[in-house]
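I opened a notebook for this structure and wrote down each thing I looked up. The entries follow in the order I made them.

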Amino acid sequence: MSLEAVTHAANVRRDGEVLVTLDQTLLPNETKYLELTTAEEMWEAIYKLRVRGAPAIGIFAGYAMAILAKKIEAEDFDSFYAEYSRLSAYLNSSRPTAVNLSCMLRRMDGVVLAHKNASRSELLAALDVEAKAIHDEDIAMCRKISEYGLSLLKDGDGVITHCNAGPIATSRYGTAQGPFYLSKEFGKNIHVYVDETRPLLQGARLTSYELTKAGVPCTLICDNMASIVMKQGKVQAVFFGCDRIARNGDVANKIGSSGLAIIANHYGIPVYSLGPSTTIDFACPTGDDIPIEERRPEEIKELFYEKPMALPEVKCYNPAFDVTDHSLLSGIVTERGIVYPPFAENFAKMFPEEMANV
């Protein structure tokens with residue numbers, strides 16, 4: 001598979017009144033696209049991580065609501081909006097931590113309210129336009145984020161990354177992994193160390209898959225090997241994505257990101273979180289205010305194993321995310337540029353229109 005094929009992968013798309021998404025749970029051994037038409041199928045796809053990655057979930061949400069709105073049978077706007085709101089809240093319940101899901105659902109809701117006095121056909125057409133705009137904007141954002149991220153790296157650098165924030169998790173290029181693909185276009189030699197990312201192995205199954213297919217040099221490591229590769233001088237930077245960023249710069253990302261940042265700080269290695277500005281929750285003061293999704297114990301004890309690796313009665317704690325304190329971050333890369341500490345102050349400068357509403 002060529003670099004262009006990887007970076008332009010359409011992992012979420014709309015085909016008429018069907019929402020098509022790549023089933024990421026089957027990679028790297030099987031490539032299968034799901035065709036979804038009901039709210040229950042869409043909810044399940046998000047919850048089961050068939051579609052995952054904050055930007056991809058946001059794109060998915062936009063198309064999902066545009067499709068589901070057409071199925072609502074109502075005589076008046078109030079009845080329509082009541083059912084629309086129910087469906088939106090239902091989808092939002094699938095993953096509470098990723099802010100892009102709720103953000104894009106609110107954006108689609110705003111379109112509905114703005115067309116309260118319009119005809120049904122005009123309202124539905126407006127939802128179609130907005131869903132496509134969400135997708136197109138993400139493509140542009142990924143390119144800008146990748147460019148800013150690449151500016152932080154020099155030829156020959158080694159970078160460690162966690163989870164998956166490449167084309168599969170977004171619309172094109174990716175966020176945290178975007179600079180690695182762009183490095184190929186610019187002729188800059190970067191070597192990527194990929195954390196397995198337990199317990200769901202997004203790094204092993206997805207990131208190493210994408211990078212290998214695109215011809216980007218990479219080495220897969222277990223999560224607990226990060227310290228030794230840093231100590232050996234193989235890593236000059238840490239790049240990971242973000243599912244929600246608090247106003248003070250605390251970042252919620254896939255479980256293990258915080259520990260990775262702590263180790264990097266010990267060795268004096270810069271840590272960057274990369275993501276679109278839609279992941280910044282300006283209404284969220286600190287990371288302590290971010291809800292952390294807890295998932296089923298079976299993901300730890302049984303998933304990806306031929307036989308269970310722990311007794312049935314063993315208790316498990318399975319948070320899907322952790323929060324990296326802003327003090328551990330060297331910068332946050334967005335489509336508008338790189339935000340450096342102090343984050344709250346510099347967010348206000350880069351996003352004055354958002355901070356004005358806080």
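**Entry: proline bonds.** I began with P342, which lies in the loop between β13 (337-339) and α12. I noted that the model is a predicted one. The peptide bond joining P341 and P342 is cis, with omega about 0°. I found another cis peptide bond between L27 and P28, where omega is about 5°. P28 has its place in the loop between β2 (18-22) and β3.

**Entry: positive phi.** Which residue in the loop between α2 and α3 did I look up? I looked up L49, which is found there. L49 is not a glycine, yet its phi is positive, about 65°. L49 is buried, with a relative accessible area of 7%. I then turned to L201, in the loop between β5 (191-195) and α8 (202-214). Its phi is also positive, near 60°, and L201 is a residue other than glycine. I checked its accessibility: at 18%, L201 counts as buried, because the cut-off for buried is under 20%.

Entry: I picked helix α5, residues 99-114, and tested its length. It has 16 residues, and at 1.5 Å a residue they should span 22 Å. Next I asked which residues of α5 are buried. They are V99, N100, L101, S102, M104, L105, M108, D109, V111 and V112. What covers them? The cover includes the helices α2 (39-47), α3 (54-69), α4 (77-92) and α6 (120-150). The strand β8 (244-245) is also part of the cover.

**Entry: the nonpolar cores.** Nonpolar side chains tend to be buried together in soluble globular proteins. I therefore looked for nonpolar cores, meaning buried nonpolar residues joined through side-chain atoms within 4.5 Å. The largest one has 39 residues. L19, M42, F60, Y84 and L127 have the most contacts inside it. The elements that give two or more residues to this core are β3 (33-36), α2, α3, α4, α5 and α6. Which element gives the most? It is α3, with twelve residues. I followed F60 to see what it touches. Leaving out residues up to four places away in sequence, F60 touches V12, L19, T21, L36, M42, A45, I46 and V51. Another core lies apart from the largest one. It has 27 residues, among them I221, V271, F282 and F343.

**Entry: aromatic pairs.** How many aromatic pairs does a search of the whole structure find? It finds ten. I wrote up W43 and Y47: their ring centres are 5.1 Å apart and their planes are at 15°, so this pair is stacked. Both residues lie in helix α2, four residues apart, about one turn of the helix. W43 is partly exposed, with a relative accessible area of 22%.

I then wrote up F343 and F347. This aromatic pair is tilted, at 6.3 Å centre to centre and 35° between the planes. F343 and F347 are four residues apart in helix α12 (residues 343-350), which is about one helical turn. An α-helix has 3.6 residues a turn, so residues three or four places apart point the same way. F282, F343, F347 and F351 form one aromatic cluster.

**Entry: charges over rings.** I looked for charged ends sitting over ring faces. The charged end of R13 sits over the ring of Y33, 5.0 Å from its centre. R295 lies over the face of Y47, at 4.9 Å from the ring centre.

**Entry: cysteines.** How many disulfides are there? The count comes to zero. I checked C103: the closest cysteine sulfur is in C242, 12 Å away, which is too far for a bond. The cut-off for a disulfide is 2.5 Å between the sulfur atoms. C222 is in no disulfide either, and its nearest cysteine sulfur, that of C218, is 14 Å away. C222 is buried, with a relative accessible area of 19%.

How values were computed: Residues are numbered from 1 along each chain as its sequence is written. This is a predicted model: local features need pLDDT of at least 70, side-chain atom pairs count only at pLDDT 80 or more; totals for chains, interfaces and linings use all residues. Side-chain values use heavy atoms; hydrogens and water are left out. The expected span of a helix is 1.5 Å times one less than its number of residues. Buried means under 20% relative accessible area, exposed over 50%, partly exposed in between (1.4 Å probe, protein chains only). Contact means heavy atoms within 4.5 Å. Rings of Phe, Tyr and Trp (its six-membered ring) pair if their centres lie within 6.5 Å; planes under 30 degrees apart count as stacked, over 60 as edge-to-face and the rest as tilted. A charge sits over a ring if NZ of Lys or CZ of Arg is within 6 Å of the ring centre and within 35 degrees of the ring normal.
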